[in-house]
Amino acid sequence: MNHLLKAVLFSALILSGGDLSAQESSFQLGIRLGGGMSVNPGMDNILVSEDYYSNYTFKDKWQAVPTVGFFAQYHASESIIGVEGGISYWQKASQLVYDDKEGLHYEVTPRYNYLGLTALLKVYPWKKGFNIAVGGRAGANLNDKGISYDSNQEEERFSKYQFATVAETERLMKEKLTGKPDVAIGGGFGYEIGKHWGIDLRYFYGVTSTIKTETNDFNWVEKPTHSHSIELSVSYLFDI
């Protein structure tokens with residue numbers, strides 16, 4: 001009888017342990033690391049707002065940016081709906097390149113850091129694994145003077161124009177073209193691998209203008225500049 005009782009208890013313990021291990025937590029905490037590309041078109045309209053002259057070109061170039069996030073996620077395994085929210089760090093960057101027929105060349109590169117909140121609604125068509133996310137993020141600008149400038153304007157051939165030095169031009173841009181807080185909408189696609197790993201490809205569009213033009217004497221004007229960001233990230237999830 002004792003042997004039979006021990007066998008029953010042992011079997012119950014094994015079955016209980018198997019059930020517990022098979023359970024999946026609906027709540028998870030995660031850390032996300034990634035990077036991507038960002039561009040901020042429209043700065044040319046700030047610097048040259050009217051057709052003062054011709055024979056020049058502007059070009060916007062995408063820039064590499066990092067992203068980091070700490071988030072909480074809720075998704076019940078039997079549901080196609082989940083939610084995600086957390087604290088994120090991201091950058092918005094771009095480069096405006098100017099060239100003209102005289103050979104003048106300059107590059108204006110705003111690169112702003114943000115810390116804020118991200119919230120996303122996630123849809124799992126097959127209840128797990130692949131998901132579609134829609135939502136947005138809002139963050140404070142951590143370096144509103146994060147703009148840099150480089151040019152060949154100090155070359156002797158341009159001396160007749162009496163341009164300011166490159167350093168002085170950059171100082172004026174930092175003072176008069178300042179970064180603003182970021183509010184963006186976006187979404188993307190993700191895939192969760194097993195219980196703990198995930199990969200996401202997301203796009204964000206800046207609803208608020210990236211740059212504010214302060215009062216100045218250089219004919220720089222206030223124009224909207226809305227950013228585009230594409231980010232690829234990997235996350236690790238902890239059950240709670």
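1. A salt bridge here is a side-chain nitrogen of Lys or Arg within 4 Å of a carboxyl oxygen of Asp or Glu. With that in hand, Lys122 forms one with Glu84, their closest N and O atoms being 3.3 Å apart. The two sit in distant parts of the chain, Lys122 in strand E6 and Glu84 in strand E4, 38 residues apart. Strands (E, at least two residues) and helices (H or I, at least four) are DSSP runs, numbered from the N terminus.

2. A word on the source: this is a predicted model, where local features need pLDDT of at least 70 and side-chain atom pairs count only at pLDDT 80 or more, while totals for chains, interfaces and linings use all residues. Residues are numbered from 1 along each chain as its sequence is written, and side-chain values use heavy atoms, leaving out hydrogens and water.

3. Through shared partners, salt bridges join Arg32, Glu84, Lys122, Glu192, Asp200 and Arg202 into one network.

4. Buried means under 20% relative accessible area, exposed over 50%, and partly exposed in between (1.4 Å probe, protein chains only).

5. Strand E4 also holds Gln91, which is buried at 10% relative accessibility. Its side chain makes polar contacts with those of Tyr89 at 3.1 Å and Asn113 at 2.8 Å. Such a contact is a pair of N or O atoms within 3.5 Å; within protein, one must be able to donate a hydrogen and the other to accept it, and residues adjacent in sequence count only if both atoms are side-chain atoms.

6. Finally, have a look at the largest nonpolar core, which has 21 residues; Leu47, Val108, Ile147, Met173, Leu177 and Trp220 touch the most other members. Strand E6 supplies the largest share, 4 residues. A nonpolar core is a set of buried Ala, Val, Leu, Ile, Met, Phe, Trp, Tyr and Cys residues joined through side-chain atoms within 4.5 Å.
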